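Thanks for coming, everyone. Please bring up the model on your screens. I'll keep this brisk.

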Amino acid sequence: MKNRWIPKSEVYIPPIKKEGFKSNIAILLFIFRFDNSKKEVLLQKRISSYANNMWDASCSGHVEEGESFSSAAIREANEELGIIIDKKNLKFRKIYQNYKKAYVNVLFEIEKYKGKIEIKEKDKCKELRWFDINKLPKGTISYVKEAVMNEDIIYDDLDIKLNNQ
């Protein structure tokens, strides 16, 4: 699927909340690679109040005021994983809207980056591991699993849940 960039004039980013998260828009970045003809994804095991001890996207974070979605993804990859991403290698994957909480997850993917991947925010992530996309581990967040395995749906408005319960 070819990226279709939306002009900035057509994008509304709600004001930053005063408490809690910086904004109600999160960026999730998935890093993929091919190993012996099988496609793998890098997942992080979280250690925080959100999704504690569950497998999450390669990295994630909130869009800051005045920041584009792609810039937020590039910044988060550097802050959390220590890698440099060229915007031309960043591909839009999908959007999830949690309409009950006015919260949006914007998902991107990459295969090319510069640098060595390492955990930079040890207070949020305790492990990084590559998984075959068809054999994701138990404890993978449900919408992360769906995002990795299903490339066809690019938008979904749902009540986001951490697991399949």
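In helix 1, the buried residues are Ser-70, Ala-72, Ala-73, Arg-75, Glu-76, Ala-77, Glu-80 and Leu-81. Buried means under 20% relative accessible area, with a 1.4 Å probe and protein chains only. Helices here are DSSP runs of H or I, at least four residues, and strands are E runs of at least two, numbered from the N terminus.

A word on the source. This is a predicted model: local features need pLDDT of at least 70, side-chain atom pairs count only at pLDDT 80 or more, and totals for chains, interfaces and linings use all residues. Residues are numbered from 1 along each chain as its sequence is written, and side-chain values use heavy atoms, leaving out hydrogens and water.

What covers those buried helix residues? The cover includes strand 1, strand 2, strand 4, strand 6 and strand 7; contact means heavy atoms within 4.5 Å. After helix 1 comes Gly-82, with a positive phi near 75°.

Now strand 4, residues 59-62. Both of its faces are covered. Cys-59 and Gly-61 are buried on one side, Ser-60 and His-62 on the other. Strand 4 pairs with strand 1 in the antiparallel sense, over four bridges; pairing takes at least two DSSP bridges. Ala-26 stands opposite His-62.

Last, the cavity. By definition, a 1.4 Å probe fits there on a 1 Å grid over the protein atoms alone but cannot get out, and lining residues have an atom within 4 Å of a point. The search finds one cavity of 30 Å³ or more. Helix 1 and strand 7 each supply at least two lining residues of the largest cavity.

Methods
1 Å grid on protein atoms, 1.4 Å probe; cavity = no way out; pocket = protein on both sides within 12 Å on 5 of 7 lines; lining within 4 Å. Points joined across faces, edges and corners; volume = space filled by probe spheres on them. Buried < 20%, exposed > 50% of the residue type's maximum accessible area, 1.4 Å probe, protein only.
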